[in-house]
Amino acid sequence: VNHWKEHKPYCKKLGLPESTARLLEATELFRTGRALDEAGQLDEALIKIRQALAIFQDLVGENDETTANVYEKIGQILSAIGLYKESLVKHRKSLEIRRLIFGENNRFTAISYECIGNVLFYQGRYDDALIGYGKALTVCNNLFGENHMDTAMAYKSVGNVLIQKQQFKEALEILCKAEAIYK
């Protein structure tokens, strides 16, 4: 796909480099992929977003926030399709990039841990999911403290795993913490 060539004359006219036209194309592909995802056209969404990823990797490199975000979206779509193993690879790549860029205590790093926990939860790997959710909870507590919505969401995820593991007393305790924050 070389739609970026359509932007090339406009960028040239404005004195912008060719890479700007390619960046616009990657952004269009990503947005189109997200729209297709929202419409439930997951296979088509995956194609567009993978095309965007290739352009972003070429222009900004592998270790960039944008690239991490695209990996996350690909992971979400793969999970929705039921391709959990491949999804996990993409979410772990997103986490690796985010940890490199932002460090451990960052909201986006917590989101990556949450996404990994989600995939493991869907696979029925509750002990592993609990580790991912626990790391997200730790980051949220460090960043936001006990009374923040992100912390509440992390508590809720941990509680849901504990329910699946039939640890109802612990689940109730954790879910009550989440509920108290939501109020």
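In what order do the elements of the protein chain run from the N terminus on? They go α-α-α-α-α-α-α-α-α. Some notes on the rest follow.

1. Ground rules. This is a predicted model, with local features needing pLDDT of at least 70 and side-chain atom pairs counting only at pLDDT 80 or more, while totals for chains, interfaces and linings use all residues. Residues are numbered from 1 along each chain as its sequence is written, and side-chain values use heavy atoms, leaving out hydrogens and water.

2. Overall make-up. The protein chain has nine helices and zero strands. Both are DSSP runs numbered from the N terminus, helices being H or I with at least four residues and strands E with at least two. The C-alpha trace spans about 65 × 30 × 30 Å along its principal axes.

3. Burial and surface. Of the 183 residues in the protein chain, 39% are buried; buried is under 20% relative accessible area, exposed is over 50%, and partly exposed lies in between (1.4 Å probe, protein chains only). The chain exposes about 10200 Å², and carbon and sulfur atoms supply 52% of that. These areas come from the Shrake-Rupley method with a 1.4 Å probe, and for residues only the protein chains shown count as cover.

4. Contact range. Take the contacts in the protein chain with a separation of 6 or more: residues 24 or more positions apart account for 50% of them. Contact here means heavy atoms within 4.5 Å.

5. α3 against α4. Two packed helices are described by the angle between their axes and the distance between the axes. For helix α3 (residues 42-60) and α4, the axes come within 10 Å and cross at roughly 160 degrees, so α3 is roughly antiparallel to α4. Axes are lines fitted to C-alpha atoms, for helices over the stretch in contact, with angles from 0 to 180 degrees between N-to-C directions. Angles under 35 degrees count as roughly parallel, over 145 as roughly antiparallel, 65 to 115 as roughly perpendicular, and the rest as oblique.

6. What lines that contact. The α3 residues include L42, L46, I49, L53 and F56, and those of α4 include V70, Y71, I74, I77 and I81. By class, the contact has 14 nonpolar, three polar and three charged residues. Nonpolar covers Ala, Val, Leu, Ile, Met, Phe, Trp, Tyr, Cys and Pro; charged covers Asp, Glu, Lys and Arg; the others, Gly among them, are polar. The α3 and α4 crossing is left-handed, a term used if the near helix is turned anticlockwise from the far one by less than a right angle (right-handed if clockwise).

7. α2 against α4. Helix α2 (residues 18-38) packs on helix α4 (residues 65-81) at about 25 degrees, with the axes 12 Å apart, which means α2 is roughly parallel to α4. Here too α2 passes α4 in a left-handed crossing. F30, R34 and D37 of α2 meet V70, K73 and I77 of α4, giving three nonpolar, no polar and three charged residues.

8. F30. This residue of helix α2 is buried, with a relative accessible area of 16%. Not counting residues up to four places away in sequence, F30 touches I49, A52, V70 and K73. Its C-alpha atom is 15 Å from that of G40, ten residues apart along the chain.

9. α6 against α8. The axes of α6 and α8 come within 12 Å and cross at roughly 20 degrees, so α6 is roughly parallel to α8. The crossing is left-handed. From α6 come R107, E114 and F121, and from α8 come D150, M153, A154, S157, N160, V161 and Q164. That set divides into four nonpolar, three polar and three charged.

10. Two buried threonines. T109 sits in helix α6 (residues 107-122) and is buried at a relative accessible area of 0%. Leaving aside neighbours within four places in sequence, T109 contacts L95, R98, R99, F102, G103 and E104. T151, in helix α8 (residues 149-164), is likewise buried at 0% relative accessibility. With that exclusion of neighbours within four places, T151 contacts L137, C140, N141, F144, G145, E146 and I181.

11. L137. Which helix holds L137? L137 belongs to helix α7 (residues 126-144), and its relative accessible area of 13% makes it buried. Beyond residues up to four places away in sequence, L137 touches T151, A154, Y155 and V158.
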